Amino acid sequence: HLFEWQPALKNVSSSWDVGIIDGLSGWTSSVDDVPADTIARRFRYDVALVSALKDLDEDIMEGLRERGLDDSTCTSGFTVVVKESCDGMGDVSEKHGSGPAVPEKAVRFSFTIMSISIRAEGEEDAITIFQEQKPNSELSCRPLCLMFVDESDHETLTAILGPVVAERKAMLESR
């Protein structure tokens, strides 16, 4: 989906047309003797967030209608509250097959859009136009990064999630 950040995100590619990318963002070395290209796959955070918001388009419009507002009311910006989650997925080792050797454990980093609120022109308080009814449901959870790593391997998790944290920080400094 086409979108633009103002100002442009720092240290993040200006290309919005990004699909699944290497979780180590171009590292050529390996981590713990595992080929880097088998470690992780992820979406760019802002691309995943915009995609999730686009998927909620009908819910957002319904929220506006319920409050007697239309989309032109939202000229002073909007706020999206996100809950992040990082959880181990247990043993995922292959018992047979000829694929690349990978660590036996996997970790998923994901987010859930908890609420969306707008500040209508001339209004003091923000108006909530979307509230996730089932925040702990698999259906509302958006995977951002899948990693073949043990959840107790903090060094590798830090290496993989470093760019994710940088993208989140860049989003907070833009709109």
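Predicted model: local features only at pLDDT ≥ 70, side-chain atom pairs only at ≥ 80, totals over all residues.
I call a residue buried under 20% relative accessible area, exposed over 50% and partly exposed in between, with a 1.4 Å probe and protein chains only. Residues are numbered from 1 along each chain as its sequence is written, and side-chain values use heavy atoms, with hydrogens and water left out.

**Salt bridges**

I counted a salt bridge where a side-chain nitrogen of Lys or Arg is within 4 Å of a carboxyl oxygen of Asp or Glu, and the search of the whole structure gave eight. Glu138 and Arg108 form one of them, at 3.5 Å from N to O. Glu138 sits in the loop between strand 5 (127-131) and strand 6 (142-147) and Arg108 in strand 4, so this pair ties together parts 30 residues apart in sequence. For elements I used DSSP runs numbered from the N terminus, with helices (H or I) of at least four residues and strands (E) of at least two. Glu138 is exposed at 55% relative accessibility, whereas Arg108 is buried at 15%; Asp87 joins both of them in a network of salt bridges.

I then looked up Arg42 and Glu167, whose side chains meet at 2.9 Å, N to O. Arg42 belongs to strand 2 (residues 40-42) and Glu167 to helix 3, so parts that are 125 residues apart in sequence are tied together by the pair. Arg42 is buried at 2% relative accessibility, and Glu167 is buried at 7%.

**Largest pocket**

I took a pocket as an open set of points on a 1 Å grid over the protein atoms alone, where a 1.4 Å probe fits and protein lies on both sides within 12 Å along at least five of seven lines; lining residues have an atom within 4 Å of a point. Points are joined across faces, edges and corners, and the volume is the space filled by probe spheres set on them. The largest pocket holds about 1100 Å³. Its lining has 32 residues, of which Trp5, Leu49, Leu53, Phe78 and Val80 are the closest to the centre.

Ser115 is in strand 4 and is buried at 13% relative accessibility. Leaving out residues up to four places away in sequence, I found Ser115 in contact (heavy atoms within 4.5 Å) with Thr79, Val80, Val81, Thr128, Phe130 and Gln131.

Last, I noted a cis peptide bond between Gln6 and Pro7, with omega about -10°. Most peptide bonds are trans.
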